[in-house]
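User: I'm new to this one. Can you walk me through it?

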Amino acid sequence: MSPGDEHDYRGKDQGGRADDPYSTLGGTRQTRTRLPDGDPGNPGARRPVRNSRSLVTITGIVVLLVAAIAFANRGGGSDDEASSGAKSPGTAGSAPTAATGTKPVEGRNGTIPSGFAHDEQGAQSAAANYAVALGSAEMFNENQRRDIVQSIADSSTATKLQSGFDADYSQGFLEQIGLDTDGSAPAGSTFVNRTLPAGTKVKSYSSGTAEIEVWCSGLFGLTGEKSTKPVTSGWFTVTMQLKWNGSDWKILETSQRSGPSPVTGDNPVSGSDEIADAVDQFGGFTYAR
């Protein structure tokens, strides 16, 4: 439930009261039977008897529900309040596992989000989305790789970054992992390279530059019966040096290291076709802090 998007769970007063069915007349306890009031327009109708104890129980449950909803929304403001800027560390609503503050961007530079906020949250959002772009299957195609780098790199370092990535994705490397010369998968297989940010951390920040770490999980490999590079998962952290160019955050430099890596679960391994179908059917996300 988003802040300010509360539902009304107020209980309605059920009314009604059960009279004592017993009365004492002349010292002798007698049972007095009282029929429920009838509907004047329908003499045969009977009004349901309401139990006061049940009413108390229901009212208590409603009160607990309202209290739970209020607690869940504590510290959350309206969308306008959230979009006004980053919240300072330690304030209500800034828990590291919760989405906070600035709304996701609406602009795009090709397929990559752009127009991030000029604050710490904007820098984190930019780094998360840029990690996804740099960790995508499109980076293995020369033309698509250059479009990506030109979209997210600062003009002062774009050429240097482009040369470095071109060297990394050499023809020898593509051949080694079983891809064709244009970075595509052989017939009958699907190439998987997807990066999934799990969180971001600000290492340093100023109005002009920022150093952001993005903790990610990733999928990499080839599906297909004849694949010698099956799809595997891994964990790594991408560090980005970002620069504010006057309208957006752009990359100056990027590096990567392994981990932190959690213990692998006991999930059964899916078949190659199931993985290929999932990659085709499940799209990615725009990430925002």
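User: How do β6 and strand β7 pair?

Analyst: In this predicted model, β6 and β7 (residues 232–244) run antiparallel, with 12 bridges. Strands here are DSSP runs of E, at least two residues, numbered from the N terminus, and two strands pair if DSSP finds at least two bridges between them.

User: What is the bridge partner of Glu-211 in β7?

Analyst: Gln-241.

User: And how is β5 joined to β6?

Analyst: By a hairpin of 3 residues. β5 (residues 191–205) and β6 (residues 209–222) pair in the antiparallel sense over 13 bridges, and Val-192 stands opposite Gly-221.

User: New topic. How many aromatic pairs are there?

Analyst: The whole structure has 11. Rings of Phe, Tyr and Trp (its six-membered ring) pair if their centres lie within 6.5 Å; planes under 30 degrees apart are stacked, over 60 edge-to-face, the rest tilted. Tyr-169 and Phe-173 have centres 6.2 Å apart and planes at 70°, so that pair is edge-to-face.

User: Is Tyr-169 buried or exposed?

Analyst: Buried, at 14% relative accessible area. Buried means under 20%, exposed over 50%, partly exposed in between (1.4 Å probe, protein chains only). Phe-173 is partly exposed at 28%.

User: What about Trp-215 and Trp-235?

Analyst: Their ring centres are 5.1 Å apart and the planes lie at 35°, so the pair is tilted. Trp-215 is in β6 and Trp-235 in β7, so the pair ties together parts 20 residues apart in sequence.

User: Which residues do ring pairs link into a cluster?

Analyst: Phe-140, Tyr-169, Phe-173, Phe-191 and Phe-220.

User: What do the values rest on?

Analyst: Local features need pLDDT of at least 70 and side-chain atom pairs 80 or more, while totals for chains, interfaces and linings use all residues. Residues are numbered from 1 along each chain as its sequence is written, and side-chain values use heavy atoms, without hydrogens or water.

Note on methods. Helices (H or I, at least four residues) and strands (E, at least two) are DSSP runs, numbered from the N terminus.
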